[in-house]
Each structure stands twice: as structure tokens, then as C-alpha cells.
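Keep the viewer open as you read.

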Amino acid sequence: MALTVGLRPLTRALLRPWARVPGAALGRPAAGSGDGVRCFGSPRVLVEPDPAAVGVAVMKMRNPPVNSLSLEFLTELLISLEKLENDKTFRGIIITSDCPGIFSAGLDLLEMYGRDPAHCAEYWKAVQELWLRVYLSNLVVIGAINGISPAGGCLLSLSCDYRVLANNPKYAIGLNETLLGIIAPFWFKDVLVNTIGHRAAERALQLGFLFPPSDALQVGIVDQVVPEDQVQSTARSVMAQWLAIPDHARQLTKNLVRKPTADRLLQQRDADIQNFVRFISRDSIQKSLHVYLEKLKQKKG
Ligand SMILES: CCCCC/C=C\C/C=C\C/C=C/C(=O)SCCNC(=O)CCNC(=O)[C@H](O)C(C)(C)COP(=O)(O)OP(=O)(O)OC[C@H]1O[C@@H](n2cnc3c(N)ncnc32)[C@H](O)[C@@H]1OP(=O)(O)O
């Protein structure tokens, strides 16, 4: 089945592979700075230069209540990342959350439940694009994971160069798709395998493990677990270590390591979209999503 993807103009402009954002709409000097410091804020993505680290931006995700990756939120993240990537004052980004206790609840289930195929296709293309942009970023990307991080939230974390997780037993991380009755796409799986190895990934994916911090560190899905109030300072120290390496050498090495994984998706993006749309449109999958969403509602009592 050939799929015609009807993209809205903003999304279309953004989601071409490595498109340049037209109009530089969001790049502006920080209010009152007058010193050339740049701030790329948007309603859901707060981006500020780190006052304590030259060349480092802190990107805070602010899509309450749970930072679910809706199409609009993905689009804003993409715009901000693109602006940072193009701004030569920045060499690194720390990605963190502004929603207490939640890094990101992952993909927005409401973008996949009860939607028509064209919408699902547009959504999936944005998910692909965010992954490619973070995974292949020329910047050093450090995840300061200050909350729970299931599924798509875990993918975002895994796409960073280094992950610091806050030591709170509630802040579990993992690809839990099977618990929802869906499956992690091959590129989610590839990134997990690259990070924790084949056998650990095999178990984690099939059983939908959400690792609490101590287990997450042991299996290697995160690089460091620290007290919650030290997540930012640790991320900053780690950033300094990464920024001590000459950019060109680090970037070429990153590309060497990550490109084969990214290429697997780049070589079949349209087919991947079609697979996703076919899969997510199945009655059985829609029913599983319905049951899961009801469970989330009932949990509230
Ligand atoms: C063959 C080819 C195959 C191709 C591949 C096919 C398919 C795979 C597709 C996709 C992969 C999927 C990736 C994903 O990321 S799926 C999302 C996974 N996320 C989760 O499982 C997390 C679900 N949420 C929670 O567990 C909890 O909400 C929380 C994050 C622990 C927070 O708990 P808390 O008690 O603080 O909040 P609430 O549970 O009350 O939630 C508040 C509010 O938010 C809604 N919500 C939560 N998560 C999501 C979400 N992911 N998407 C949309 N909405 C979400 C929740 O329902 C509440 O809404 P309400 O209206 O009731 O206030």
C-alpha cells in the first residue's frame, strides 16, 4: 500500500531530512541581554545558555502533565534542536525536564489512538526525525534524567551521549512497549542493543522492563545515578569532560559509531512509516491502546 503523507506546512518544512528551519522564527536574543546570548524558547521547550558553563545550553521539556511526545511538542523540540545545532556558540546541550518526577512519558498515546492513517504517518515521521536529530547531533548531548522515562522517553535518553539518572526508585527507565501490547520498532531495539548488549536487550524488550535506578545502572541503560539534587551539576561536570575533546575528532568518531544504526532507518524511512501505520491501525492494537489508556485513567481512582 503506497501511503500519501499529507503534512501540515510547518511540519512539512521541519521534517524533511535535515531541513533548515525557515525564517529563523524562534531564534532571538534573550530578553534584556543585549550581549548576544541566544535563547530559543518556545511554549513547551525552554532553552537557556547554562550560566555556569560556556557553550552549553540547557533544554527543559515542559509539556505538562507528563511530557508526552505529542506532534506539537515534537515539532517544538525539533525547532529548538535545529536552532542550537546551527548556533556556533553552542557545543553541548543538557536535556532535562521541567515536569516534576517525569522525564518523559514517551510517545503521546493520543497521537496513535483513534487517529486516521495520514495523521499516524505524519506523527511517525516526526518521531523518526526527533530520534535522528538527537542521535546524530554534532553537539554533545547529555541527558539529565530527573523523572520516569518509559518507552519513547527512554529512546530519547538512549539517544544522548551520556545519561545521568536521579536516584529515586520511582524514576524507572526502559522500553516497556510490550506492556502496552505494542512492540518497540527496530530502531528503538537497535539503540537498546547498542547500549546494553544483545542478551540484556532481548530480556528487557520482551518483558517490557522498566529499570529502577540501581538496576538501570547495573545493566548500563544509564551511565551514572546520583542524588536528585546533583543531577544538573553532574551533567555539567560530565559535559566539561566531553567538551575537552576537540569537536571535529569527537563528532567524526560519534558519526562513525552511530551512522550504521541511523542508516538502517534512513534507508527505509517510508517503509517504516507504512509499517507503523499498518500496525497501529489494526483493531487488536487499537484495543490494546484503549485498555492501556483506561488503566491509566482508573489508576487515578
Ligand atoms: C511491525 C511494525 C511495527 C512498528 C512499530 C509499531 C508500534 C510501536 C509504536 C510505538 C512505540 C511506543 C512508544 C511509546 O512511547 S508508547 C508510550 C509509553 N508510555 C507509557 O507507558 C507511560 C504511560 N504513563 C504512565 O505510566 C504515567 O502516566 C506516568 C508517566 C508514570 C505518570 O504517572 P502520574 O500518576 O504522574 O500521571 P497520570 O498517569 O495520572 O497521567 C496524567 C495524564 O497524562 C496522561 N498520559 C500519561 N502518559 C501518557 C502518554 N504516553 N500519552 C498520552 N497521555 C498520557 C494520562 O492518561 C493522564 O491523562 P488524564 O486525562 O487522565 O489526566
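In the hairpin of E3 and E4, with 6 residues between the strands, Gly-55 takes a positive phi near 80°. Helices (H or I, at least four residues) and strands (E, at least two) are DSSP runs, numbered from the N terminus. This is a predicted model: local features need pLDDT of at least 70, side-chain atom pairs count only at pLDDT 80 or more, and totals for chains, interfaces and linings use all residues. Residues are numbered from 1 along each chain as its sequence is written.

Strand E3 covers residues 45-49 and runs antiparallel to E4, joined by 5 bridges. Two strands pair if DSSP finds at least two bridges between them. Val-45 stands opposite Met-61 in E4. A residue is buried if 20 or more other C-beta atoms lie within 10 Å of its own, exposed if 12 or fewer, and partly exposed in between, with C-beta atoms placed from the backbone.

E4 also pairs with strand E5 (residues 92-97), this time in the parallel sense over 6 bridges. Val-56 has Gly-92 in E5 as its bridge partner. Met-61 stands opposite Ser-97 in E5. Between the two strands the chain passes through helix H2 (residues 71-86), and this β-α-β crossover is right-handed. That label applies if, with the strands pointing away from the viewer, the path from the first strand over the helix to the second runs clockwise.

Now turn to E5. It is largely enclosed by the rest of the structure, because 6 of its 6 residues are buried. Gly-92, Ile-94 and Thr-96 point one way from E5, while Ile-93, Ile-95 and Ser-97 point the other way, and all are buried. E5 runs parallel to strand E7 (residues 140-145), joined by 4 bridges. There, the bridge partner of Ile-93 is Val-141 in E7.

Ser-97 counts as buried because it has 24 C-beta neighbours inside 10 Å. Leaving out residues up to four places away in sequence, Ser-97 touches Lys-60, Met-61, Asn-67, Ile-102, Phe-103, Ser-104, Asn-146 and Gly-147. Two residues are in contact if their C-beta atoms, placed from the backbone, lie within 7 Å. Gly-143 is 46 residues from Ser-97 along the chain, and their C-alpha atoms are separated by 9.6 Å.

A further sheet comes next. Its 3 strands form an open sheet in the order E6-E8-E10, with parallel pairing. The edge strands, E6 (101-102) and E10 (173-174), each pair on one side only. E8 and E10 run parallel and are joined by 2 bridges. Pro-150 has Gly-174 in E10 as its bridge partner.

Which residues are closest to the ligand? They are Ala-105, Gly-106, Leu-107, Ala-151 and Gly-152, from a shell of 28 residues. A residue is near a molecule or strand if its C-beta atom, placed from the backbone, lies within 6 Å of it. Strand E8 (147-150), helix H10 (269-281) and helix H11 (283-299) each supply at least two residues of this shell. H10 gives the largest share, 4 residues. By class, the shell has 18 nonpolar, 5 polar and 5 charged residues. Here Ala, Val, Leu, Ile, Met, Phe, Trp, Tyr, Cys and Pro count as nonpolar, Asp, Glu, Lys and Arg as charged, and the others, Gly among them, as polar.

Helix H10 also holds Arg-278. Arg-278 counts as partly exposed because it has 14 C-beta neighbours inside 10 Å. From Arg-278 to Pro-49 the distance is 42 Å, C-alpha to C-alpha, and the two are 229 residues apart in sequence.

Last, the whole chain. It has 11 helices and 11 strands. Of its 301 residues, 42% count as buried. Among contacts with a separation of 6 or more, residues 24 or more positions apart account for 74%.
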